[in-house]
Amino acid sequence: MTTEKILLGHGSGGKMSDELIKNLFIKYFDNPLLNQQTDSALIETSRGLMAFTTDSYVVDPVIFPGGNIGNLAVCGTVNDLSVAGATPEHLSAGFIIEEGLPIDILETIVKSMAEEAMKANVKIVTGDTKVVQKGSCDKIFINTAGIGTLKPEHKPISSGDDIRPGDKIIINGSIADHGMAVMAARNFGSFKSNISSDCAPLNKLIKSVLDSNAHVKFMRDATRGGIAGVFCEIAKKNNTGLEVDESQILVNENVRGMCELLGFDPFYVANEGKLIMVVAPEDADNVIDIMRKNEYGTHAAIIGEITDKHPHKAILNTIVGGKRIIDMLAGEQLPRIC
Amino acid sequence: MKHIDEYRDASLVKKIVSKIKSEMRDEISLMEVCGGHTWAIQKFGIPAMLPKSIKLLSGPGCPVCVTGRRYIDQAVAYSRLPNVIICTFGDLIRVPGSTSSLNAEKAKGADIRMVYSILDAIELARHNPAKKIIFLGIGFETTVASTAAGMYNAYNTKLENFFLFSAHKIMPPALGALIDEGVKIDGYIAPGHVSAITGAGIYDEVVRKHKVGCVIAGFEAVDILQSVYMLVKQINNKDFGVEIQYRRVVKPEGNTKAQKIINDVFTLRDDWWRGLGTLPKSGLKLSNTYKHLDAENHFDVEVEDTIEEKGCICGDILKGLKKPDDCALFGTVCTNANPVGACMVSHEGACNAYLRFNI
């Protein structure tokens with residue numbers, strides 16, 4: 001560790017988070033399941049393979065265009081399980097609430113959690129509530145954990161071990177909506193941005209792809225660290241690299257405008273309803289067709305390919321015909337986005 | 001997006017690149033002296049498009065990069081004062097000082113806020129009359145204009161708890177100094193937004209004295225490549241002059257209203273540049289009228305002795321004498337997560353841009 005104190009960048013999901021996890025959490029919690037560093041741990045049980053995950057939500061403001069901390073907390077955990085190839089079943093919900101929070105805000109949050117759970121077909125079966133003194137937390141923090149079941153043939157999805165050169169990289173729609181919606185709500189309350197978070201449960205979309213028997217090699221939801229973080233993660237796997245085409249990646253006009261204005265690179269901005277999927281080349285077109293039939297995949301597109309030409313590098317073919325690498329986010333781009 | 005997409009048109013880019021290739025004769029070195037250009041060139045992947053005979057050098061155009069450690073150390077000292085709020089642009093927070101950084105002080109409890117504009121800092125001062133707000137003013141003529149407007153506002157509204165700690169610098173002295181230092185430069189890709197304020201005249205002397213090409217460029221792919229093409233032609237024809245490519249923003253005379261406010265608010269002083277040392281009349285401090293708003297004048301702090309990082313070659317990189325990957329620390333000890341030198345901190349810094357984008 002090169003710093004004496006925790007900095008905001010340690011929670012960014014980028015390089016600093018990576019270092020913290022490696023040098024502290026893995027160092028002490030050290031075990032084979034954790035060390036795989038997948039979004040969900042895959043546990044062999046007598047009932048078969050189970051996926052288990054947890055995530056905490058600290059977004060500021062707690063209510064933003066397109067969602068609130070409640071449906072974020074449900075979608076996030078549902079998506080973490082789903083991208084492991086699992087079918088999410090049961091969730092827990094832990095609330096840390098600041099003294100003085102209006103009950104109607106809490107009710108809005110809890111109600112939307114229930115609605116989102118219904119949509120995603122999961123049950124919130126256990127929970128915990130703590131109230132802390134004013135100033136000890138900011139309004140409300142929520143932790144959710146979730147379990148789901150997994151078919152044995154989907155086990156390799158989590159690790160990405162089956163990724164091979166030629167595989168296609170797919171995304172289910174536009175990027176950077178969530179991060180910029182929160183940013184707009186936080187800083188420009190009076191400024192109507194009409195940017196809305198993409199917060200959504202992706203389990204049904206993923207299920208329809210997996211049920212088609214398409215050979216899905218890897219999935220990841222592109223939350224903190226944005227799609228760039230996922231590309232870098234894929235590039236680290238096996239002995240392959242990847243190439244993506246900037247021109248195929250959709251950034252909504254209003255989101256692009258705000259990113260340009262504030263100097264954010266949309267590749268690094270958080271999403272809450274987007275996943276990157278690596279599939280066998282022969283299945284790619286079919287997967288796109290299936291995704292486009294789902295409400296959260298209408299703008300699905302093939303955006304790139306796995307290659308053996310430059311191992312461990314994520315290369316971007318820029319919109320103007322140049323080439324450059326995509327690196328992981330270093331430090332903090334935007335704190336408390338989820 | 002209107003006013004952006006037309007300047008990122010892949011077919012137009014291709015045409016300009018082929019025109020550049022057909023004009024190329026000898027090897028040439030072009031230097032961009034604006035961090036915004038450094039970043040844009042890498043972000044669009046321009047080096048991979050150009051012929052190998054064009055060497056692109058990154059000059060001292062990243063304000064964070066050329067600022068000395070002493071400035072950071074002094075800002076750190078201010079942040080430790082009671083009842084003081086430091087307001088700064090984001091980049092500066094992560095720059096390592098001799099033994100600390102603003103980021104580290106923030107984690108220890110200092111009140112350090114990131115702002116997008118000096119006006120945010122002024123608002124903060126109005127709402128916190130019991131606190132003293134210090135704005136860290138950094139940058140070249142572009143940000144100088146907004147700082148000047150802010151100080152003009154603070155002065156006229158008689159704000160008593162708002163202070164400027166200036167690291168502002170002006171660009172022209174550095175351009176000449178680089179060539180005097182022996183850096184081989186055939187042409188400058190001159191900074192578009194600086195020129196929007198100053199006008200094109202500030203480059204006349206360096207072009208006349210050193211016989212180099214100079215094109216004031218915009219920040220999109222088409223802008224940069226068209227500027228490279230214009231520079232190649234100037235160099236081939238030995239017809240050196242100041243041309244404006246970025247006509248949609250830059251007028252030959254610049255923004256005369258901004259120039260007047262800058263001249264009222266600031267006065268020139270000798271200033272220290274990383275890599276170039278002290279350059280006469282290259283920095284800006286508040287003029288006598290505004291002296292009472294100058295943090296250096298108002299606060300008395302003890303600043304630690306400056307310790308420079310061993311092995312860091314930011315100075316040579318800023319002069320274009322070395323490339324980032326010539327540095328032994330690059331990508332190993334010095335990364336964008338743990339920057340050692342200032343060039344790795346700012347996204348406009350050459351090392352940061354190289355590490356993030358260069359294949």
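B:Cys62 is buried, with a relative accessible area of 3%, where buried stands for under 20% relative accessible area, exposed for over 50% and partly exposed for what lies in between (1.4 Å probe, protein chains only). This is a predicted model, in which local features need pLDDT of at least 70 and side-chain atom pairs count only at pLDDT 80 or more, while totals for chains, interfaces and linings use all residues. Residues are numbered from 1 along each chain as its sequence is written, chains are lettered from A in the order in which they are written, and side-chain values use heavy atoms, with hydrogens and water left out.

**Cysteines of chain B**

- A disulfide, meaning a pair of cysteine sulfur atoms within 2.5 Å, joins B:Cys62 to B:Cys65 with 2.4 Å from S to S, and the count over all chains comes to one.
- The link of B:Cys62 and B:Cys65 is right-handed, with 70 degrees about the S-S bond, and B:Cys65 is buried at a relative accessible area of 0%.
- B:Cys314 is in no disulfide, since the nearest cysteine sulfur, that of B:Cys343, is 3.3 Å away; B:Cys314 too counts as buried, at 4% relative accessibility.
- For B:Cys351 the closest cysteine sulfur is that of B:Cys343, at 4.7 Å, which is too far for a bond.

**Helix H17 of chain B**

- B:Cys351, buried with a relative accessible area of 7%, is one of the residues of H17(B) that are buried, a list that also includes B:Tyr354, B:Arg356 and B:Phe357.
- Helix H17 of chain B (residues 350–357) is largely enclosed by the rest of the structure, because eight of its eight residues are buried; helices (H or I, at least four residues) and strands (E, at least two) are DSSP runs, numbered from the N terminus.
- The cover over the buried residues of H17(B) includes S14 of chain A, together with helix H2 (35–43), strand S2 (54–58), helix H15 (314–318) and helix H16 (342–345) of chain B.

**Interface of chain A and chain B**

- In contact, that is, with heavy atoms within 4.5 Å, are 31 residues of chain A and 26 residues of chain B.
- The two chains bury about 2,500 Å² between them, 57% of it on carbon and sulfur atoms, where buried area is the accessible area (1.4 Å probe) that two parts lose on being put together, summed over both.
- On the side of chain A, A:Arg256, A:Val320 and A:Arg324 lose the most area to chain B, together 24% of what that side buries.
- Three salt bridges are found across the interface, each a side-chain nitrogen of Lys or Arg within 4 Å of a carboxyl oxygen of Asp or Glu, and the side chains of A:Asp265 and B:Arg356 meet in a salt bridge at 4.0 Å, N to O.
- Helix H1 (15–29), helix H6 (177–187), helix H9 (253–262) and strand S14 (323–325) of chain A each supply at least two residues of the side that touches chain B, and H9(A) gives the most, with five residues.

**A:Phe267 in chain A**

- A:Phe267 is found in the loop between H9 and strand S11 (275–279) of chain A, and A:Phe267 is buried, with a relative accessible area of 5%.
- Not counting residues up to four places away in sequence, A:Phe267 touches residues including A:Ile175, A:Phe231, A:Glu246 and A:Leu316.
- A:Phe267 and A:Gly229 are 38 residues apart in sequence and 8.3 Å apart in space, C-alpha to C-alpha.
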